[in-house]
Each structure stands twice: as structure tokens, then as C-alpha cells.
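This report describes how two protein chains meet. Look at the place where they touch, then read on.

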Number of protein chains: 2
Amino acid sequence: MNKKHMHNIELKDIRIKDKFFDQYIGLIENEAIPYQWEALNDKVKDAEPSCCINNFNIAAGHKEGEFHGFVFQDTDLAKWLEAVSFLIESKTNSQWSKIVEDVIKLVGATQQDDGYLNTYFTIKEPEEKWTNLRECHELYTAGHMIEAAVAHYKATGSEDFLQVVCKLADHIDDTFGLGEGKIKGYGGHQEIELALIKLYKVTDEKRYLNLSKYFIDQRGVEPFYFDIESEKRGFTKHFGASYMYERDYNQTHLPVREQSDAVGHAVRAVYMYAAMADLANLTQDKSLEEACNRLWNNIVHKKLYITGAIGSTSIGEAFTFDYDLPNDTVYAETCASIGLIFFANRMLKLELHGKYGDVIEKALYNTVLSGMGLDGKSFFYVNPLEVWPEACEKNPIKKHVKPVRQKWFGCACCPPNIARLLMGLGEYIYTVNGNTIYTHLYIGDEASIQLDEGTATIMQKSNYPWSGDIRVSVTSEEAFDKQLAFRIPGWCYDFSIKVNDKNMNCKVKEGFIFVDTPIEKETTIELVLDMPVEKIYANPQVRANAGKVAIQRGPLVYCIEEVDNGDNLSSLRLSDDTQLSWKLDDDILGGIVTISGKAYKTDDESWTEELYSNKKKVETIQTIKAVPYCTWGNRNPGEMLCWIRE
Amino acid sequence: MNKKHMHNIELKDIRIKDKFFDQYIGLIENEAIPYQWEALNDKVKDAEPSCCINNFNIAAGHKEGEFHGFVFQDTDLAKWLEAVSFLIESKTNSQWSKIVEDVIKLVGATQQDDGYLNTYFTIKEPEEKWTNLRECHELYTAGHMIEAAVAHYKATGSEDFLQVVCKLADHIDDTFGLGEGKIKGYGGHQEIELALIKLYKVTDEKRYLNLSKYFIDQRGVEPFYFDIESEKRGFTKHFGASYMYERDYNQTHLPVREQSDAVGHAVRAVYMYAAMADLANLTQDKSLEEACNRLWNNIVHKKLYITGAIGSTSIGEAFTFDYDLPNDTVYAETCASIGLIFFANRMLKLELHGKYGDVIEKALYNTVLSGMGLDGKSFFYVNPLEVWPEACEKNPIKKHVKPVRQKWFGCACCPPNIARLLMGLGEYIYTVNGNTIYTHLYIGDEASIQLDEGTATIMQKSNYPWSGDIRVSVTSEEAFDKQLAFRIPGWCYDFSIKVNDKNMNCKVKEGFIFVDTPIEKETTIELVLDMPVEKIYANPQVRANAGKVAIQRGPLVYCIEEVDNGDNLSSLRLSDDTQLSWKLDDDILGGIVTISGKAYKTDDESWTEELYSNKKKVETIQTIKAVPYCTWGNRNPGEMLCWIRE
């Protein structure tokens with residue numbers, strides 16, 4: 001198929017109208033964004049102060065004072081601005097427009113004459129700019145500012161912010177590269193690469209694309225840049241943790257085209273892979289595409305939690321090695337799953353295959369949604385698959401795992417990242433190729449879609465993810481042949497489809513079924529994805545899940561919580577013949593599908609105080625209730641478990 | 001019963017003659033002690049240099065140079081001296097006598113006029129003596145020197161070394177205490193408390209007993225001494241790790257009589273509990289005895305690995321909390337199990353109960369023996385119950401777990417600790433009370449035992465731990481009523497006993513059976529402890545072992561290794577009806593009892609590359625072979641597992 005015309009839908013052309021997601025997006029709009037604004041302005045009680053706006057005011061010369069926060073503190077504001085811009089693009093009369101304009105003025109006021117923009121270095125270490133790329137996140141911070149400005153430009157058409165970041169990007173382009181007198185470096189935390197591509201797309205300025213390509217191409221090339229800069233500045237360190245000085249940590253161990261193993265800091269990795277996929281597509285770079293495929297397969301076949309999470313260790317927030325997927329000491333950062341969605345979304349443009357939507361769906365419905373509480377104001381940074389609260393408190397290797405969502409973090413990358421992903425969700429539902437509309441996600445919406453031969457309006461309705469019954473109608477003013485492609489999820493083994501009330505037989509091809517719609521004004525498609533409760537097993541190489549099953553229904557992974565099932569969840573066991581049934585449970589969390597079934601529980605009472613005994617444990621029968629993983633931790637705190645013994 | 005006369009046997013009065021232990025003791029004598037001597041003198045290739053003897057030479061003024069090693073480096077020599085002294089006591093014509101005399105002269109030459117003795121502070125920080133008790137181990141180091149000197153005195157009768165440490169102890173007594181102008185502190189790492197009691201016992205100098213009592217009584221009392229000294233020296237730190245500044249870490253969170261929970265650094269904890277038990281006994285201190293009982297019960301019922309190991313986390317080498325016994329991220333330091341043996345041995349003097357011997361046996365036959373390779377030159381510091389070598393290398397939370405024994409450690413506490421325990425093993429086999437000889441361990445030996453009414457000679461013979469058939473004969477010159485008590489191990493559910501070829505019926509009372517021997521010259525007892533293969537279950541609260549069984553036969557815990565069973569040991573499962581049988585296997589490791597049985601193995605071949613699937617795993621049948629845990633890691637390196645799925 002001709003992929004030249006493949007594109008996403010712009011946010012302005014789609015309105016999400018979905019019972020399930022309206023709730024979450026409403027939380028972002030009504031709770032998270034206002035809450036984060038308060039946080040950026042240090043007005044949230046009992047939470048660590050962000051100092052973010054304060055830093056900008058100092059850097060702009062509006063205030064006296066010292067810089068506070070991380071070296072990358074500016075990105076909290078940038079990600080918030082991007083999320084709010086998405087909101088403005090979706091709902092034109094947003095209350096935030098004026099505030100955002102003022103913030104943009106403030107950001108612009110901190111920009112130096114040469115285009116440099118970063119409050120940490122402006123206030124605190126003006127002489128140390130670009131001297132510690134490994135640790136100091138200047139290019140990362142610039143990248144987030146660029147992404148925010150692109151979003152704002154697309155939302156409002158105003159070029160004010162865009163001009164600021166173009167000046168910043170020009171400065172970076174003047175500073176970095178292989179040319180005489182330029183720094184031959186790249187960022188310790190990838191992000192600028194993605195951002196420059198977005199900037200290229202809205203400005204059509206090829207230098208930005210080339211600069212992104214330079215950062216990708218130069219990475220991992222000998223002589224090793226981070227050693228050179230380290231020696232130059234006399235080996236000073238910013239953070240200094242030894243793992244940060246491993247080449248794997250920021251994927252500089254090899255030139256990117258030679259990489260096959262997903263290693264190091266998981267967010268950095270997937271941000272880079274996403275940029276690589278973008279560049280492979282835009283520059284038709286086969287060797288880059290092959291590296292993307294290898295890295296994708298390594299993650300998906302060997303390093304992906306069933307919840308769509310990645311990152312097996314807290315030390316370096318990193319991947320470890322193939323099949324090492326511990327459930328209780330896991331990192332599984334919310335941002336890493338968001339980055340994985342970015343990667344998958346870009347892989348889709350290299351290869352139209354349903355497997356990418358499968359991963360987007362898995363990460364989105366499980367880890368990303370788990371990242372935010374149902375109050376919109378509390379967040380998980382780490383998304384464990386097994387929690388024993390006492391262990392989180394008392395066993396140091398689990399101290400990064402929180403049994404309760406936190407208000408705001410010292411390093412607050414995740415909350416605004418969730419906000420910007422969910423506010424930009426409209427971009428992930430469809431892609432278009434020629435006259436074919438590919439549906440990747442089943443999220444109710446109305447969209448106006450530009451096809452090769454005309455414009456189509458698509459309406460999607462469902463009670464997804466609780467039900468697999470999906471209704472899609474397509475209309476167009478002009479009469480022309482259109483094709484609709486629907487992803488048949490990897491979890492779905494049976495489906496049926498009706499087109500204008502007529503049953504059709506469709507074969508799944510590369511994860512999709514294709515419906516040719518006749519040249520008519522309106523076509524209605526009823527797709528029924530069979531959504532039984534499934535017991536899922538892990539590859540035998542995953543030692544952590546040996547002898548265990550996970551419960552899944554549709555895209556949702558389920559878990560059991562102490563509040564429903566009592567404590568010591570490890571004492572529960574499903575049997576081979578356990579029948580699991582589901583029901584809509586309005587009493588829990590405003591209405592969710594819960595799953596229940598018969599389980600065996602080791603009887604504590606039958607034990608004495610002994611630690612060990614040759615007497616076989618006695619079991620009693622208990623009905624267990626499982627809830628969607630994404631909703632865990634929203635009631636009484638307690639234990640939680642995804643993988644249950646069988 | 002009158003416990004006043006209860007005592008251990010002196011090493012000089014017992015000769016171990018045991019097929020099983022002669023091997024290990026021979027390794028200590030012929031390999032470990034010479035090897036450690038080489039190590040102390042920096043003559044071991046490819047191992048981290050100790051610099052220990054070098055430090056003493058510098059401190060004595062025999063050499064110029066700088067101190068190298070840890071602040072407690074002197075203890076490597078002290079523990080070695082203690083082990084060699086035990087060897088000299090057991091075998092009077094030892095080749096080591098002269099070397100030891102020279103070393104003692106060297107140690108004495110480093111002693112300052114006031115009695116102070118510590119090469120680190122003498123060479124490196126002479127002005128900083130006694131200013132950082134929390135971290136700098138001066139009292140701990142002094143304690144080990146005292147223990148070594150007591151052992152040397154008992155072995156040789158020479159007072160040379162004893163005089164050195166008495167001067168040291170006098171200096172400490174002058175320096176510490178509640179009196180005017182004295183330091184009201186105590187050591188960050190307990191050990192001096194135990195040592196002073198030993199010194200009191202050989203010198204009869206009550207000041208040493210009182211000083212030990214002072215250190216125990218003062219610990220955890222407000223105002224908190226470590227904060228006071230910290231402020232005084234301007235908050236400088238030696239190691240500086242934050243966990244070292246938690247009060248739990250060195251059991252200073254509460255006065256010792258109020259402690260109930262075993263917390264913090266495991267070695268420090270059990271060394272302290274051992275001293276507390278000693279003091280409770282010597283001073284008839286009921287509240288101290290009650291604290292010992294609470295702490296004992298907390299460990300044995302809630303914090304003890306089936307291998308007799310303690311310490312669930314590497315961070316702080318510490319206890320975590322009740323029932324938190326992870327198998328793969330465990331610490332389980334060899335020294336901690338040695339300390340637990342010290343504690344159990346002293347509890348025996350408070351209460352003659354078989355449960356203490358049970359724990360001594362468990363720790364000795366499993367963790368302590370596992371700590372040394374069958375070459376006598378390689379050692380485990382950490383004794384995991386589950387090893388996946390790739391994870392040890394690539395998942396940072398397991399980097400402390402080594403799949404292969406190491407030659408020598410930068411912090412080499414374990415190798416000389418194993419040496420001194422095994423060379424002093426003769427002290428743990430019997431205790432005597434009045435005219436009763438209690439047998440706690442089944443280790444072949446000949447001993448001359450002083451009872452109230454005369455001397456008895458006891459001879460023990462067996463093929464323990466491979467067989468439970470034990471033959472004991474007792475003779476005495478004088479005719480008097482003697483009683484023999486034999487521990488019936490907790491793992492033993494059936495036993496028989498013959499006295500002079502006549503079957504007897506005995507009831508187990510507090511873990512022992514009692515045999516009154518008639519007034520005859522020789523009595524022969526044949527005790528048969530039934531030793532079937534047992535499947536052992538863990539308390540349901542131990543989440544790490546839910547659904548799993550361990551294999552045990554007699555005192556030995558078994559494990560499966562990759563070399564016998566292939567990789568991915570987690571894919572193996574025993575079934576309810578798995579019959580396990582044992583046989584003497586001469587082909588492995590010079591002859592051990594191996595255990596085999598039918599298991600089910602998940603068939604990797606039946607899986608595709610997918611990570612997750614709703615297809616149930618296929619199993620194939622495989623015969624597994626298990627070997628004693630203490631022998632693991634002596635063949636080809638690979639995976640190892642104690643707790644197997646059932």
C-alpha cells in the first residue's frame with residue numbers, strides 16, 4: 001500500500017464523546033489541569049512545591065530569588081502548556097486561553113538574546129550551559145518547550161510561542177552538529193529529537209528535521225561524547241549516581257542503527273525509538289526502520305508487562321533483561337508507557353498492522369489510566385502488579401512502590417504527561433491512508449476526516465471497554481469509494497460485523513478487517529468484538545509468573561484488591577476449572593465491570609505459629625472479586641495482585 | 001532444674017571424629033586457614049588485597065605507609081587468630097603456634113600506652129578516636145581482639161595476648177560509662193558485649209562483666225548518644241549511607257529490655273541478643289531474659305529462612321519485617337547465621353529446650369556450610385534460596401547475590417567467621433547440667449566430660465546427616481548415676497532408642513529424651529532418628545513461598561540446580577502425589593545423599609514468541625534431582641532453587 005498519504009487526524013477535527021473516556025478527560029480538564037496549575041504556582045498544600053512558575057519569574061527578571069527544583073523543572077510547565085493547548089484545540093472557548101498567553105509571554109521573557117531558554121542555567125549556572133549534556137537535560141527541556149509551542153500553534157494559530165521555540169531551535173542548530181566549532185554532542189535524555197520533527201512538520205523548515213536526524217545519528221558514535229565533555233569540565237557531576245554513567249543508561253552504548261536490545265532508562269529509550277520511527281518514515285531510512293523493528297520486538301516479546309508497562313527496575317528507572325518481569329519490585333513508570341504509546345503510534349506509520357494498536361490500547365487502558373486517581377489529583381509514578389503495603393514501607397527494595405497515589409512529585413514528570421496524552425487522545429484513534437480510515441482505538445467520537453477523494457464524517461459509539469459492541473457510521477457529502485479498516489484486537493478471538501444491517505464475512509489481515517463502503521451517503525457498521533473473561537498465561541521464560549494466571553477481559557487487565565478479598569492475596573489460588581464471570585457493578589467506583597469466581601484460600605487458622613511444617617496447607621473456598629487494574633487503589637488502601645496462583 | 005551448673009564443654013576436652021565434619025574442618029585447617037593467612041598478607045592473586053598485616057606493621061612502626069581497607073580491617077586478623085587458637089586447642093602440635101606468637105607480638109606492638117589498640121585510628125586518624133562510635137567500629141574491633149585473646153589463652157595457657165586485651169579492656173572501662181567525664185556511648189556494631197563476658201569468664205574480673213552490662217543497658221536510652229556525638233564532631237560521616245543513620249539499623253531505637261522485634265543489621269542484632277542472653281543468665285536478669293525470649297520468638301517464628309538464614313534485604317544487610325522472606329533478593333549473610341548460632345547457644349543456658357539445638361543445626365548444616373566452597377577457598381557472603389545468574393548480573397536489586405563463591409571480599413567478615421565457628425564446633429555439641437549430658441548436635445566425637453559426681457567419657461558415632469542412626473557410648477571410672485539427654489530434632493517424627501541393646505520407650509520432653517544410665521562402667525545407646533524425605537510448607541503469611549514446597553531430609557534443606565535439572569527451574573512443578581526418594585550418590589561431590597522424584601515441566605517448545613497467551617501451558621514429565629543446599633554452587637554455575645512450585 002502507498003504509505004505516503006498516511007496521516008493522523010488533527011485534534012481540531014475530532015471530538016471525543018465516550019462514556020468511559022469523558023470521565024477521564026473530564027478529570028484532566030476539571031481537576032488535573034487546574035490542580036497542576038496550582039501546583040506549578042506552589043499553591044497545593046501538603047505537596048512538594050514545584051517552584052516552576054517562580055523560576056520563570058526569576059529568570060525573566062520579574063522577581064529576585066534562587067532557582068528551586070530539578071535541573072529539568074521547566075518541563076513541568078511545558079508539558080502542562082501542551083496539555084492545555086490540546087484542551088484549547090478541542091474546546092475553542094476554553095477559560096485557559098488568557099492564562100496560557102500570559103505564561104507564554106513569561107516564558108518568552110526568559111529567552112536570552114541568542115535564543116537560549118532554560119531557567120536553571122539562566123538563574124543558577126549561566127557559565128555552565130551545554131557543558132553537562134549527559135545529566136543536565138537542557139536539550140530535553142528545550143524539546144518539551146518546542147512540543148508545547150507546536151501544540152499551542154496548532155490550537156490557536158498564534159505564532160507567538162512558535163517564534164520563541166524556533167529561535168531556541170535555531171540556537172541549538174547553531175550550537176550542535178558536525179560542522180566546525182560545533183558541539184558534537186546529544187542529550188542525555190532524549191526528547192528534542194521528537195520535538196524537532198514536530199516543529200519541522202508545522203514550519204516545513206528542513207533544518208529542524210536534519211537536526212533531529214543529527215542527534216539520532218550521532219548517538220553512540222565513537223569517540224564517546226559524554227566522556228569528552230566530562231573530562232572537559234573536570235569530571236564534575238550533577239546527579240552523580242553511578243548507573244547514570246553507564247552507556248546503556250541513556251542508550252549511547254551503540255550507534256542507534258546497531259541497537260537491538262531495549263536497555264537503560266525506559267522513558268529515554270522509548271522517546272528515542274519513537275523519534276527513530278518518525279525519521280525512518282520521513283527519510284525512508286531502511287536501516288533505521290530495521291532497528292525500530294528489532295527494538296519493538298524486543299520490548300513486546302520480552303520486556304512488556306501484561307499491563308503495557310515497561311521498566312523492570314527502579315535503579316535507573318530502567319529495562320533489565322529479557323523475561324525479567326518482577327511484579328513487586330517493578331518500576332513500570334507511567335511516563336514510560338506513554339512513551340511506548342508514542343513509539344507504537346509512529347511504528348504504525350511504518351507498518352499498518354494491528355499489533356501497534358494492541359500495544360497502545362494495552363498501555364493506555366491499564367498503566368496510563370492507573371497512573372491517575374479517580375479524583376484527578378493523585379498520581380502513580382510507579383505502577384506495580386503486586387503490592388504488599390507493609391513491604392513498600394519496610395523492605396527498602398520496594399520503597400519506590402507506593403500503595404496509595406501521591407499528590408505531586410518532587411520530580412513531577414508523570415502527572416502532566418498523563419494530562420497531555422489524554423488531552424491529545426483524539427490523535428490516536430484513527431489513521432488515514434488514501435481513502436481508507438483505520439480505526440485503532442474504540443473510543444466514541446465524531447470526526448471529520450480528509451480522504452484522498454473527499455471528506456468523510458465518522459461517528460463511533462460504544463460502551464467500550466465494558467462491551468465490545470461498537471457502532472460506527474460514516475457519511476460524506478461527495479459520493480466516492482471509501483474503505484474502513486477496524487483493528488481486531490489481539491485479545492479478541494471471535495467477532496461479527498454487520499454493514500447496513502447485513503452480516504458480512506471478513507478475514508483478519510495484519511490485525512485488521514476491511515470494509516468497503518458502497519458509494520452511499522451513510523454507511524452504518526456494527527462490529528461486535530467477543531469479550532469473554534480470559535485467563536492469561538505468561539511465557540514460561542517469565543519466571544515471576546510461573547504457575548500464575550492473570551485475568552483479562554477485552555483490553556482490561558484485572559487485579560484483586562484487599563478491600564474486596566481480604567488480606568494475604570498470595571494465599572488465594574484459582575483452579576484449572578475455575579469459572580470466571582463478569583457483571584456490571586454499579587456500586588463500585590461509579591460503575592465498572594467486575595469479575596468473580598471461585599478460588600481456594602489457604603486457611604491461616606489451620607496454622608500454628610510455626611514458620612515451616614510438613615503438614616500440607618488446608619484450603620477453604622472463597623469467591624474472589626477482581627476489578628480493572630486501572631481502577632485499583634481508589635478505595636481503602638491495601639494489597640493488590642495481578643498474577644494469581646493457579 | 002538447677003541451671004547453676006550448666007556449662008559447655010571446653011574445646012580441649014573434645015575431639016571431633018566425624019566423617020561429614022572432618023571434611024569441612026579439614027578444609028578449614030588445610031585450606032581456609034592457610035589461604036586466609038595468605039590473604040591477610042596480600043599474597044592471594046586475583047583477590048582484593050586485605051592489607052591487614054601491613055596495617056599492623058605500619059601501626060607498630062615497623063614500616064612506613066598508609067592504612068588500607070575498612071575501618072574494621074583489624075577484625076579479619078582477630079577472627080583468624082581466634083580460629084587458629086581453636087585449632088591449636090584441638091591439636092596441640094599445630095604448626096601455627098609460632099606464627100601466632102609472632103602475630104600476637106605484632107598486635108601488642110601497635111598498642112598505645114593507654115591501652116588503645118586499633119590500626120585505623122593509630123595510623124590514619126589519631127585525633128578522631130572514639131568520636132564516631134556509630135560508624136567506626138572501634139568497640140567492635142576491640143571485641144574481636146578480646147575474643148581472639150581469650151581463645152589463645154584457653155588454647156595455650158599463655159597470658160601474653162590476654163594481657164594486651166585486658167589493658168585494652170581497662171582502657172575502654174576507663175573511657176566509657178555513666179561516671180563523671182566518661183563517654184556515655186556504645187558501639188555502632190555490637191560485639192564488645194560478647195567479648196567482655198568471655199574475658200570476664202577467664203579472668204574473673206567483674207569490671208568486664210559490668211562494662212558489658214553497661215553497653216547493653218545504655219543502648220537506646222535517651223538522650224540518644226549517636227546524635228550527641230554526631231553534633232559534637234560537626235556531623236561528619238564515615239560511610240554516610242542514610243540507612244546507617246536510622247536507629248533501627250543498630251538496634252538503638254529502644255532500650256534493649258523494651259525490644260520485641262528483630263530489626264536492623266542482622267549480624268549486629270544477633271550478636272547483641274547473644275550478649276543479652278549471656279547477661280540474663282549471669283546476672284539472673286528476668287527482664288533481659290524476657291526480651292531475649294521475645295526476640296528469639298520473633299526471629300524463629302517470623303524472620304527465619306528455612307535454611308537458618310536471616311536478613312531479608314541487602315540494604316543495611318538487615319531484617320525487614322514479619323514474614324517478609326524473599327528468596328531471590330534475600331541477604332542471608334553467612335555471619336548472621338553464625339551470630340544466630342551464638343544466640344541460640346546462649347539461650348540454651350537460659351532454657352534447656354531442644355528448639356535451640358534445632359536452630360543451631362538448621363543454620364549450621366545449611367547456611368554456614370553453604371558459605372564455604374568445597375575447595376575451602378571460596379566463600380558466599382550472601383546465601384540466596386533462589387538464583388537466576390543473569391538476574392544477578394543484570395537486575396541491580398540482585399547484584400549482591402553471587403551465583404559463584406568469591407575468593408575473598410573487600411569486607412571479608414564471613415570467611416574467618418566460618419573458620420572460627422567450625423574450629424570451635426566442639427563447644428556446641430554438648431552441654432552439661434549436674435550429672436546430665438545434653439546432646440544438641442549429632443557430630444561424631446570423643447569427649448571427656450566433667451559431671452557433678454565424676455568424669456565421663458562419651459563417644460558419639462554416626463553417618464549423620466546422611467543417616468539418623470547414632471551410636472553413643474558413655475564410660476566412667478567411678479560408678480555414679482548419670483543421665484543422658486538427646487535432642488529429638490524438630491524434623492524428626494519417629495525415633496527409636498536402645499540402651500545396651502535393650503529397646504526403651506522414651507517420651508520427648510521439651511525437645512529431649514532422657515536416658516538414665518545405670519551405675520555401670522559402660523553404657524551404649526543406639527538412637528535411630530527416622531529421616532524420611534519431607535516436603536515442607538511455609539506459613540501462609542510468607543507470601544514468597546505461597547504454592548511452593550521445599551524438600552528436606554533430616555537437618556538438610558535440599559535445592560535443585562541447573563547442572564542436574566536444566567535451566568528455567570521455575571518451570572518445574574512437583575505434584576501433590578510426587579514421591580521423592582533418596583539415595584547415596586557417590587558420583588556427586590565425593591558422596592552425598594541426593595533426592596529425586598517426578599516433576600512436571602512447562603514445555604517451552606509449545607510456546608511461540610508471544611509473551612502472553614490464553615492457551616494453557618503444556619507440561620512434560622521430568623525426573624528432578626535435588627542436592628543438599630549446603631553443597632550448591634560447587635559444580636557448573638547456573639540456576640538454583642529451594643522453594644519449588646507444587
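Two strands pair if DSSP finds at least two bridges between them. Helices (H or I, at least four residues) and strands (E, at least two) are DSSP runs, numbered from the N terminus. The model is predicted, so local features need pLDDT of at least 70 and side-chain atom pairs pLDDT 80 or more, while totals for chains, interfaces and linings use all residues. Residues are numbered from 1 along each chain as its sequence is written, chains are lettered from A in the order in which they are written, and side-chain values use heavy atoms, without hydrogens and water.

Strand S14 of chain A and strand S20 (residues 612–613) of chain B run antiparallel and are joined by two bridges. Within this pairing, Ser613(B) in S20(B) lies opposite Tyr537(A).

The table gives totals for the two chains.

| Item | Value |
|---|---|
| Residues in contact (heavy atoms within 4.5 Å) | 60 of chain A, 60 of chain B |
| Buried area (accessible area, 1.4 Å probe, lost on being put together, summed over both) | about 5,200 Å² |
| Salt bridges (side-chain nitrogen of Lys or Arg within 4 Å of a carboxyl oxygen of Asp or Glu) | six salt bridges |

Of the buried area, 57% is on carbon and sulfur atoms. Arg543(A), Leu611(A) and Tyr612(A) supply 16% of what chain A buries against chain B, more than any other three residues.

A salt bridge links the side chains of Arg543(B) and Glu639(A), at 2.5 Å from N to O. Elements of chain A that each supply at least two residues to the side touching chain B include helix H13 (286–303) and strand S14 (533–538).

Key: Buried area is the accessible area (1.4 Å probe) that two parts lose on being put together, summed over both.
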